[in-house]
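I set out to record what I looked up in this structure, entry by entry.

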2 protein chains.
Amino acid sequence: MAENPIRFGIVGCAEIARKVARAINSAPNSAVTAVASRSLDKALNFAAVNGLPETVKVYGSYNQILDDPCVDAVYMPLPTSLHRRWAILAAEKKKHILLEKPTALDVEELDQILDACESNGVQFMDGSMWLHHPRTAKMEEIISDPKLFGYVNYIHSSSTTSATKQFLEEDIRVKPDLDALGALGDLAWYCIGALLWAKNYELPIQVRALPDVTKNSAGVILSCTASLHWGKSSKETTATIHCSFLSHTSMDITITGTHGSVNVYDFIIPYQETSASFDITLGAKFAELHIGWNTKPEEVEVANEIPQEVLMIAEFSRLVQVIRTTGCCPDSKWPQISRKTQLVMDAVKKSIDTDCRPVYL
Amino acid sequence: MAENPIRFGIVGCAEIARKVARAINSAPNSAVTAVASRSLDKALNFAAVNGLPETVKVYGSYNQILDDPCVDAVYMPLPTSLHRRWAILAAEKKKHILLEKPTALDVEELDQILDACESNGVQFMDGSMWLHHPRTAKMEEIISDPKLFGYVNYIHSSSTTSATKQFLEEDIRVKPDLDALGALGDLAWYCIGALLWAKNYELPIQVRALPDVTKNSAGVILSCTASLHWGKSSKETTATIHCSFLSHTSMDITITGTHGSVNVYDFIIPYQETSASFDITLGAKFAELHIGWNTKPEEVEVANEIPQEVLMIAEFSRLVQVIRTTGCCPDSKWPQISRKTQLVMDAVKKSIDTDCRPVYL
């Protein structure tokens, strides 16, 4: 354990907080210091079930944890509609913020959160764990090499999960007053993030929903598809994304360049904790008479001793340490990634709301 | 070799005819009897290069081969714009027809060809080899099993190839007077066929091109993307397709159902001649704490002693034998598949031509 680890308060005891609490206590530069829920019983139960030490403080209100001077940073897995209120308050209390995705209901809300972080000198990052996996860095190295991979022409990404009847009736992600963005916010956040990542965070010029949106009776999106377009003339890229609570689990990205293609089926949560792979095909041509190929996809295995969520916490805590020791402004890379993802998500939502009209960014 | 094999005439010496000539001579119930090109030299050269026996007749005109009473069936790999003229003439001369894809410039033309085949009692089939591979049958068995795979919610298919500078300047597939449909006709034919196959040949209700169409200076499509939609309310299916002459080689289908998903990267031309595989994932869930999955994709290997193009020829020849021995009408399954594929391709084209408006079928 590093000296003076970043002391985390967990604000909200959602299911995902169990994984992140474990990650905070596994990272070398952080530790869980406090846990809060709206109900003290729920917070106590969370601490017990997750084997948190007795030294961890347990609060029955979010205000209390934000007032605790021993809390340096908060992890906030609250329903999206509560993000603005609590993230802004946390920033005002000088807490660094790791915020679950989707970061906000729209980019206006997110901008208020980011402004509060900036003016209070606190670090912001969203909870997209996969961006911290070494596999992601390895794929990035390949697709961004113009000699090897060429220009990225086409990207497809889908994120689907077969929700239970109970989820579709009760989960916060299908409730208009809690997570109004539904599958778009919960799942397409990753797909949009993957496209932006593959395009080195260049924003698309046009976003358009496809006319297959499925909503529940309260108007929350359960399934949708969209297309995105970058550039003009010879440097065009097209992408399609699909998200759904109504399909079998999938987490795919396919990236097709002029010289190669990359496929991965488990980009958000790797099949296994300790290693992950992707398939790459380079310079494929057909054999004589077109009776086969000259090559097959190669599986590239990337070992990671440290799980991606621990890498995320370690990176966040490292940035907080930098602010603490140097007094510098917070890093802007991660807030910018969140903001662009939210901006594109807003565009998909706007297209859905306007009968699939194209939205220009 | 079966008694009285079906005697094929090859009408046009395109590159693909080399593969098909080999297949005709490999199938147990067929043989190449004659070859024709517009130039006798080209036909002689084709016969020599492909090691065809000296008994094979060589013609310097298409009319001659169609007048040869020893020719039972023709394989016709001509530029699309010539299909109507020569296929109708072949039907009138009572030749069964294996026609390269795309079958025609539009469904009106194809209907004229199919009418000619029907009224002359000759068999029609298009040259989609992959539909005859046993892997395709194995995948079909899985995705059409509602208990195992559930309902097919989403399908994505892409077919891309990185054309050479020479191809983009000289190939018939980029010439408006020869193959006016470009990549849509040459590559998306397979993607559209794959979606229809996965939907058991139910037509989509809506087809829409996405605004990323790339054309050459003569207006021929080099790259495009489209979305397709089936059904209403809870029984909806969405599909996206992408085709391009400007990207690295890919031939993907991903089929996502409620209980499982299937992925294949080489559906049109398998990597190897003698076996092919696909990946299937069934009942995937996340492990405790969402730190992995309970399952990984399983690779299903399907051996095929006989290459898919030979299986296509054998099936076509079998149908011709049935007509010959029983006097029955030609089989309608394959012409219907071609017609539906052409109909959907027309809809994509129409959407492209009307600034991506939705086209309803």
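**Salt bridges within a chain**

I began with Arg324(B) and Asp72(B), whose side chains meet in a salt bridge with an N to O distance of 2.9 Å. Arg324(B) belongs to helix H10 (residues 308-326) of chain B, while Asp72(B) sits in the loop between helix H3 (62-67) and strand S4 (73-76), so the pair ties together parts 252 residues apart in sequence. I noted that the model is a predicted one. Arg324(B) is partly exposed, at 38% relative accessible area, whereas Asp72(B), at 13%, counts as buried.

I then turned to chain A, where Asp111(A) forms a salt bridge with Arg339(A), their closest N and O atoms lying 2.6 Å apart. This pair also links distant parts of its chain: Asp111(A) is in helix H5 (residues 107-119) and Arg339(A) in helix H11 (residues 333-353), 228 residues apart. Both ends are partly exposed, Asp111(A) with a relative accessible area of 21% and Arg339(A) with 26%.

I also found a network of salt bridges that links Lys101(A), Asp171(A), Arg173(A) and Asp186(A). Over all chains, the search gives 38 salt bridges.

**Arg18(B)**

Which residues does Arg18(B) meet in salt bridges? Within chain B, its partner is Glu15(B), at 3.3 Å from N to O. Across to the other chain, Arg18(B) meets Glu288(A) at 3.1 Å. Arg18(B) is buried, with a relative accessible area of 17%; Glu15(B) is exposed, at 53%.

**The contact between chains**

I next examined the interface of chain B and chain A, where two salt bridges are found. I counted 31 residue pairs in polar contact between these chains, both residues at pLDDT 80 or more.

The buried area is about 5200 Å², with 59% from carbon and sulfur atoms. His248(B), Tyr271(B) and Trp293(B) supply 16% of the area that chain B buries against chain A, more than any other three residues.

**The nonpolar core**

My last entry concerns the largest nonpolar core, which has 184 residues.

Definitions and conventions: Residues are numbered from 1 along each chain as its sequence is written. Chains are lettered from A and ligands numbered from 1 in the order in which they are written. This is a predicted model: local features need pLDDT of at least 70, side-chain atom pairs count only at pLDDT 80 or more; totals for chains, interfaces and linings use all residues. Side-chain values use heavy atoms; hydrogens and water are left out. Buried area is the accessible area (1.4 Å probe) that two parts lose on being put together, summed over both. A salt bridge is a side-chain nitrogen of Lys or Arg within 4 Å of a carboxyl oxygen of Asp or Glu. A polar contact is a pair of N or O atoms within 3.5 Å; within protein, one must be able to donate a hydrogen and the other to accept it, and residues adjacent in sequence count only if both atoms are side-chain atoms. A nonpolar core is a set of buried Ala, Val, Leu, Ile, Met, Phe, Trp, Tyr and Cys residues joined through side-chain atoms within 4.5 Å. Buried means under 20% relative accessible area, exposed over 50%, partly exposed in between (1.4 Å probe, protein chains only). Helices (H or I, at least four residues) and strands (E, at least two) are DSSP runs, numbered from the N terminus.
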